[in-house]
Amino acid sequence: MAPPVPPTAAEHKRLAQAALQAGHGAAALEHMRQACALEPGSAPLRCEYGCLLAASGRNAEALAAFNDSVALQPDLAEGWHFLGLTQLRLGRAVEALAPLRRARALAPGHLRTLELLAQAEFDAGDPADALPLWRELHALRPGDEAVLLKLGETLSRLDDTEAACTLYRDALAHSPGSAGLWMALAQAEEIAGRRDQAEAAYDRALALRPGWAFPLSGVLGLRRGQASEARVAEARALLAGGQLPDADQAMLGYELGKVFDGRGEHAAALAAWDAANAARRREAGEPDVASLERRVEATMAVFDRALLARAAELGDPDERPVFVVGMPRSGTTLLEQIIGAHPLAFGAGELPDVALIARGLPARRGNAGQWPHILEDFAPEWVAPSARRYLAAASRQAPPGTRRIVDKYPMNYYLLGFIGLMFPNARFIWCRRDPRDIAVSIYGENFALAEHLATSMAGIGHLVRLQERLMRHWQAVLSQPILEFRYETLAREPEAQARRALEFCGLDWDPACLDFHQGERSVQTPSRWQVRQPVHTRSIGRWRHYAAAMPPLLQALGYDPDAA
């Protein structure tokens, strides 16, 4: 009797499909593995095997299978597509770009590839690169609300808030029952500074979807101490019901705390923020001080005086960039608005581009897409192209003749060495404020700061301390000047300090800089309503209402702010 004939690759594939239909995932994977072993030169088989691995949650192995498939058949659009998709699922948007661009070139009519590429360009590249892709997809699928919302979000990211509002209003004319569109319009109106219109849109979203935490938190944040009792009761009932996910509990809790703070009910405000931050820790994890300390140490080790002395040889001589850095809520938005009101200056807002560029740089240790890799794998040849890319993004909307472009992304202080290499003639301003006032503002805000440190007073204290340490390092090793700016002094002496800032930027005095609050620029930070009023001193010493919460902060700081 002849021995049985071993199954062929095609039979193993058929058996894999049958096993998968029967719910036997492990057996399906084994049959596909054997099929690949029998036909090692088959790119489609490798791709199918990768899809099975990805569906089983084995993404690292799936990546290897997809890489094998495109190595065997470089024109296999499907392999490039799934390679990019898997990178996106792993949170590696930077690494997803190349395979998705390749898949798009090979199969330009594949709409899912177009959608994935648009998302990757938005997350890891320049939103300006994502915009035409979202527009193309919206033209092809005009009824797809998710695509329309991404298009509007991209327009807002590019500071074209009016275009986003027009897009949403046009869509609502055809779909007035869409709560999601009303929510998006409300956010865009708020960014544009139109409080009444934003509130009306939030109300419409809530009417269409009662109990939705997102618009409810939005309307509470709009009015704060003047929020209606009905909305406050609605929020309290939702939080007491115990049915909200942690993300929604945090979102509502932060805004409810602002309502109580605005009313002068400080104990209730602190209780709401305590609950919100507890929910955020359950959702995102506990603070990781050690990880941030390692990053700071690595930063200072790589970006030393010897490397930074090469800035003139490596960087771009453009004198326009001004970087305003410091802790969030330290006055960065206020100072950017003051300088940006000058006729020869342009306030670019919080540009994400330095961090995006850093994450997108190639890595020699297999950790591309992770921010710390620049600290381990830094190469001087990155500097010139990175500077060109940054300038293209930062100057996109700057008027002709602009002499200074102000980027006020606070957390750029992590990458000030990289920035210093890119722009040897840049100016740096370090905004400082009483850390107790900073802590109260951060603790009560829906932030997502490094290593989740914003969710505890001790974590905020560590963040302030490490920020101060890193900034002192930059003062010691950078050739560019760093101007220290105190929020309290600016609030008490607005004209004198505005003149000081302009002089540092090489600009003559202009009275318009004190009338910044009368402008109509969109503001995309939590300070959007504060900077639409004249400079005031009401926020100085706000921490005294929350003195009972200060001991963990002071212990982490390691010093007494009054003595300092």
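Modeller: A helix axis here is a line fitted to C-alpha atoms over the stretch in contact, and angles run from 0 to 180 degrees between N-to-C directions. With that in hand, the axes of helix α5 (residues 77-89) and helix α7 (residues 111-124) come within 11 Å and cross at roughly 40°. The model is a predicted one.

Colleague: Why are α5 and α7 called oblique to each other?

Modeller: Their axes cross at roughly 40°. Roughly parallel would require an angle under 35 degrees, and roughly perpendicular begins at 65, so an angle of that kind falls into the remaining class. α5 and α7 are therefore oblique.

Colleague: Which residues make the contact between α5 and α7?

Modeller: On the α5 side they are H81, L85 and L88, and on the α7 side R112, T113, L116 and A120.

Colleague: What makes α12 and α13 roughly antiparallel to each other?

Modeller: The axes of helix α12 (residues 195-208) and helix α13 (residues 213-223) cross at roughly 155° and come within 9 Å. An angle over 145 degrees counts as roughly antiparallel, and α12 and α13 therefore receive that description. Their crossing is left-handed. Among the residues that meet are Y202 and L206 in α12 and L216 and V219 in α13.

Colleague: At what angle do helix α21 and helix α23 pack?

Modeller: Helix α21 (residues 353-360) and helix α23 (residues 383-394) pack at about 145°, with their axes 10 Å apart. The crossing of these two is right-handed. Their contact includes L356 and I357 of α21 together with R389 and Y390 of α23.

Colleague: Turning to the aromatic rings, why is the pair of F303 and W474 called edge-to-face?

Modeller: The planes of F303 and W474 are 70° apart, and their centres are separated by 6.4 Å. F303 lies in the loop between α17 (289-302) and α18 (305-308), whereas W474 lies in helix α26 (residues 457-477), so the pair ties together parts 171 residues apart in sequence. Both residues are buried. The structure holds nine aromatic pairs.

Colleague: What makes the pair of F323 and F428 tilted?

Modeller: The angle between the planes of F323 and F428 is 50°, at 6.0 Å centre to centre. Stacked planes would be under 30 degrees apart and edge-to-face planes over 60, so the pair belongs to the rest, which count as tilted. F323 lies in strand β1 (residues 321-326) and F428 in strand β4 (residues 427-432), so parts 105 residues apart in sequence are tied together. Ring pairs also link F323 and F428 with Y390 and F423 into a cluster.

Colleague: How do you know that F323 is buried?

Modeller: F323 has a relative accessible area of 0%, and buried means under 20%. F428 is likewise buried, with a value of 0%. L292, which is found in helix α17, is buried with a relative accessible area of 0%.

Colleague: How far from the ring centre of F122 is K150, which lies over its face?

Modeller: K150 is at 4.5 Å from that centre, and the distance cut-off for a charge over a ring is 6 Å. The charged end of R432 sits over the ring of W430, at 4.3 Å from its centre.

Terms used:
Residues are numbered from 1 along each chain as its sequence is written. This is a predicted model: local features need pLDDT of at least 70, side-chain atom pairs count only at pLDDT 80 or more; totals for chains, interfaces and linings use all residues. Side-chain values use heavy atoms; hydrogens and water are left out. Rings of Phe, Tyr and Trp (its six-membered ring) pair if their centres lie within 6.5 Å; planes under 30 degrees apart count as stacked, over 60 as edge-to-face and the rest as tilted. Helices (H or I, at least four residues) and strands (E, at least two) are DSSP runs, numbered from the N terminus. Buried means under 20% relative accessible area, exposed over 50%, partly exposed in between (1.4 Å probe, protein chains only). A charge sits over a ring if NZ of Lys or CZ of Arg is within 6 Å of the ring centre and within 35 degrees of the ring normal. Angles under 35 degrees count as roughly parallel, over 145 as roughly antiparallel, 65 to 115 as roughly perpendicular and the rest as oblique. Contact means heavy atoms within 4.5 Å. A crossing is left-handed if the near helix is turned anticlockwise from the far one by less than a right angle, and right-handed if clockwise.
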